[in-house]
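Here is a walk through one protein chain, from the overall layout down to single residues. Keep the sequence and the 3D view open as you read.

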Amino acid sequence: MHINIKVGIPICESERSVGVIAGHPFDTVKVQLQVQSAENKYKSLLDCVSTVRKQKLSTGFFRGLSWPMLSAGVINSVYFGVYGYTLKALGGSKEENNAPHYLKILFAGCLGGVVQLIPACPAEVIKVVLQSQIPHGNVQGAKFYKGPLEGAADILRLHGLRGMYRGLPTQCFRDIPANGIYFLVFEFLTFNGSSKLPFIPSAVQNFFAGGIAGVLSWVAIMPFDVVKSRLQADCEGKHFKGFLDCARKCYRQEGLSVFYRGLSMVALRAFPVNAVTFMLYAESMKLLGEEVTYT
C-alpha cells in the first residue's frame with residue numbers, strides 16, 4: 001500500500017485550495033485567540049467564535065483567505081519538489097517491503113520546510129495581520145486594512161521588503177521541524193499500516209495517517225506558532241522587538257499556558273484538512289496513472 005511519488009510532481013492545487021478554504025475559519029479563530037492581549041481577552045472559545053461570526057464572512061471567518069489560497073500551489077510545488085529531489089539525491093527512495101529511510105525523510109522534510117519559507121512567509125504575514133484586525137473590545141484608532149493588497153502596500157511603504165518577512169526566524173523554528181515531523185509520522189504510519197493492516201483500503205490509511213501527522217506536527221511546534229502570530233500581527237513593531245522579547249513578555253503577562261493558546265482550533269483544523277488533502281492527492285494520482293511517492 002505504501003505510495004511512491006514521482007519527484008517533482010506538486011500536490012494538486014485544487015485539492016490544496018479546498019483544504020485551505022475548509023480550514024481557514026478554524027485558523028482565523030486560532031489567530032484571534034493567540035493575539036488577544038491580557039487586558040482584552042475573550043471570555044471563552046465560544047465568545048471568540050461569536051465575535052468573529054458577527055462580521056461578514058469575508059471580514060470574519062474568511063478574512064485573509066485570498067493570499068494563502070492563491071499561494072498554496074506555489075508553496076507546495078516548492079516544498080514537494082525540494083523534498084522529492086533531496087530524497088532522490090540522498091538515495092532515500094523506498095524499496096518495496098523495506099522500512100523507509102526515516103532519517104533521510106526527516107532531513108528532506110526539514111529542507112523542504114526551509115525553502116518554502118521564501119513564498120510562505122509574506123503570505124503568512126498578510127494573513128495574520130488581516131485576521132488579527134477583526135474588531136474585539138476597544139479598538140478605537142486601530143489600523144484596519146480593507147484587503148491584502150492594501151495591507152501589503154502599506155507594509156512595503158513603511159518597512160520595505162523586510163516588513164513582509166517579519167517573524168521569519170520564528171517561522172523557521174515553526175515550519176522546519178513541523179515539515180520534518182509531518183512526513184516522518186506520515187511515512188511511519190503508512191508503512192506500518194500497509195504491512196500490518198493490509199485489509200484496510202489505502203485511501204482510509206492515507207486519510208488517518210495524514211490527519212494524525214498533521215495534528216502531531218502542529219502540537220510539537222505550537223509555542224512557536226503563538227509567538228509567530230503575535231510578532232506578525234504587530235507589523236509596526238510597537239510591542240515586540242523579536243522572538244525572545246515576545247516570548248518573555250508573553251510568559252510574564254500570561255504564564256506558560258499562553259504558548260498553547262488556540263490548540264483546540266489547531267487540532268480541529270489540522271486533522272480534517274491534512275487527512276483530506278493527502279487522501280485526495282494520493283487517490284487522484286492513482287486515477288491519473290502516476291506513481292505517487294513521499295519517499
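## Ground rules and overall layout

Contact here means heavy atoms within 4.5 Å. With that in hand, take the contacts in the protein chain between residues at least 6 apart in sequence: 80% of them join residues at least 24 apart. A word on where this comes from: the model is predicted, so local features need pLDDT of at least 70 and side-chain atom pairs count only at pLDDT 80 or more, while totals for chains, interfaces and linings use all residues. Residues are numbered from 1 along each chain as its sequence is written, and side-chain values use heavy atoms, with hydrogens and water left out.

The protein chain has eleven helices and two strands; helices (H or I, at least four residues) and strands (E, at least two) are DSSP runs, numbered from the N terminus. Along the sequence the pattern reads β-α-α-α-α-α-α-α-α-α-α-α-β. Of the 295 residues, 51% count as buried. Buried means under 20% relative accessible area, exposed means over 50%, and partly exposed is in between, using a 1.4 Å probe and protein chains only.

The unreviewed UniProt entry lists residues 64-85, 203-221 and 258-282 under "transmembrane region". UniProt positions are given in the numbering used here, feature names are shortened, and annotations may be inferred rather than shown by experiment.

How do two of those spans look in the model? Residues 64-85 are 91% helix and 0% strand, with the end C-alpha atoms 32 Å apart. Residues 203-221 come out at 95% helix and 0% strand, and their end C-alpha atoms lie 27 Å apart.

## Helix 3 against helix 5

Helix 3 (residues 66-90) packs with helix 5 (residues 117-132) at an angle of about 170°, their axes 10 Å apart. Axes are lines fitted to C-alpha atoms, for helices over the stretch in contact, and angles run from 0 to 180 degrees between N-to-C directions. That makes the pair roughly antiparallel. The cut-offs are under 35 degrees for roughly parallel, over 145 for roughly antiparallel, 65 to 115 for roughly perpendicular, and oblique for the rest.

From helix 3, the contact uses Trp 67, Pro 68, Ser 71, Val 74 and Ile 75; from helix 5, it uses Pro 119, Ala 120, Pro 122, Ala 123, Ile 126 and Lys 127. Sorted by class, these residues are nine nonpolar, one polar and one charged. Here Ala, Val, Leu, Ile, Met, Phe, Trp, Tyr, Cys and Pro count as nonpolar, Asp, Glu, Lys and Arg as charged, and the others, Gly among them, as polar.

## Further along helix 3

Val 78 sits in helix 3 and is partly exposed, at 25% relative accessibility. Leaving aside neighbours within four places in sequence, Val 78 is in contact with Val 115 and Gln 116. Its C-alpha atom is 8.8 Å from that of Pro 119, 41 residues apart along the chain.

Which is buried and which is exposed, Phe 80 or Ala 89? Phe 80, also in helix 3, is buried at 7% relative accessible area. Ala 89, in helix 3 too, is exposed at 69%. C-alpha to C-alpha, Phe 80 is 6.9 Å from Gly 112, and Ala 89 is 9.8 Å from Ala 108.

The axes of helix 9 (residues 222-233) and helix 10 (residues 243-254) come within 10 Å and cross at roughly 105°, so the two are roughly perpendicular. Phe 224, Val 227, Arg 230 and Leu 231 of helix 9 meet Phe 243, Cys 246, Ala 247, Cys 250 and Glu 254 of helix 10. That contact has seven nonpolar, no polar and two charged residues.

Thr 170, in helix 7 (residues 168-196), is buried at 1% relative accessible area. Not counting residues up to four places away in sequence, Thr 170 touches Phe 224, Val 227, Lys 228, Leu 231 and Phe 243.

## Cysteines

A disulfide is a covalent bond between the sulfur atoms of two cysteines. The rule used here asks for a pair of cysteine sulfur atoms within 2.5 Å, and the count comes to zero. Cys 121 is buried, with a relative accessible area of 0%.

Cys 110 is in helix 4 (residues 102-115). Leaving aside neighbours within four places in sequence, Cys 110 is in contact with Ile 176, Pro 177 and Gly 180.
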